[in-house]
Amino acid sequence: MNMPKLRRRDNELWMKRRYTGIWTKAKELGMSDDEVYAFAFQRLELNKPIDSLKTLGEQNIDRLYRAIRKLDSKP
């Protein structure tokens with residue numbers, strides 16, 4: 001996919017696809033919303049906990065997307 005091009009051309013769609021990818025993988029792993037937010041807080045080394053992915057900037061969304069996609073499914 002041409003995600004870098006999409007990021008420049010249609011940033012809103014790029015963000016939406018990243019959110020969808022994060023939540024899809026989280027669902028596969030059986031993670032709750034709070035677990036996703038805690039994972040983001042810990043993995044991204046944020047200064048304060050979050051209660052919405054929309055508070056994250058582009059770089060952090062991309063980092064979170066890549067980190068969560070690397071996780072293995074629970075047996």
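## Exercise 1: the surroundings of L64

Find the residues that L64 contacts, leaving aside its neighbours within four places in sequence.

Solution. Contact means heavy atoms within 4.5 Å. With that cut-off, L64 touches I22, F39, A40, L44, L53 and L56.

A note on the model: it is predicted, so local features need pLDDT of at least 70 and side-chain atom pairs pLDDT 80 or more, while totals for chains, interfaces and linings use all residues. Residues are numbered from 1 along each chain as its sequence is written, and side-chain values use heavy atoms, with hydrogens and water left out.

## Exercise 2: the core

Which residues touch the most other members of the largest nonpolar core?

Solution. Start with the term: a nonpolar core is a set of buried (under 20% relative accessible area, 1.4 Å probe, protein chains only) Ala, Val, Leu, Ile, Met, Phe, Trp, Tyr and Cys residues joined through side-chain atoms within 4.5 Å. The largest one has 20 residues, and L53, L56 and L64 touch the most other members. Next, look at the sources: helix 2, helix 3 and helix 4 (58–70) each supply at least two residues. Helix 2 gives the largest share, six residues. Helices here are DSSP runs (H or I, at least four residues), numbered from the N terminus.

## Exercise 3: a helix pair

Identify the residues through which helix 2 and helix 3 meet.

Solution. Helix 2 (residues 11–29) contributes I22, W23 and A26. Helix 3 (residues 33–43) contributes D33, V36 and Y37.

How values were computed:
Axes are lines fitted to C-alpha atoms, for helices over the stretch in contact, and angles run from 0 to 180 degrees between N-to-C directions. Buried means under 20% relative accessible area, exposed over 50%, partly exposed in between (1.4 Å probe, protein chains only).
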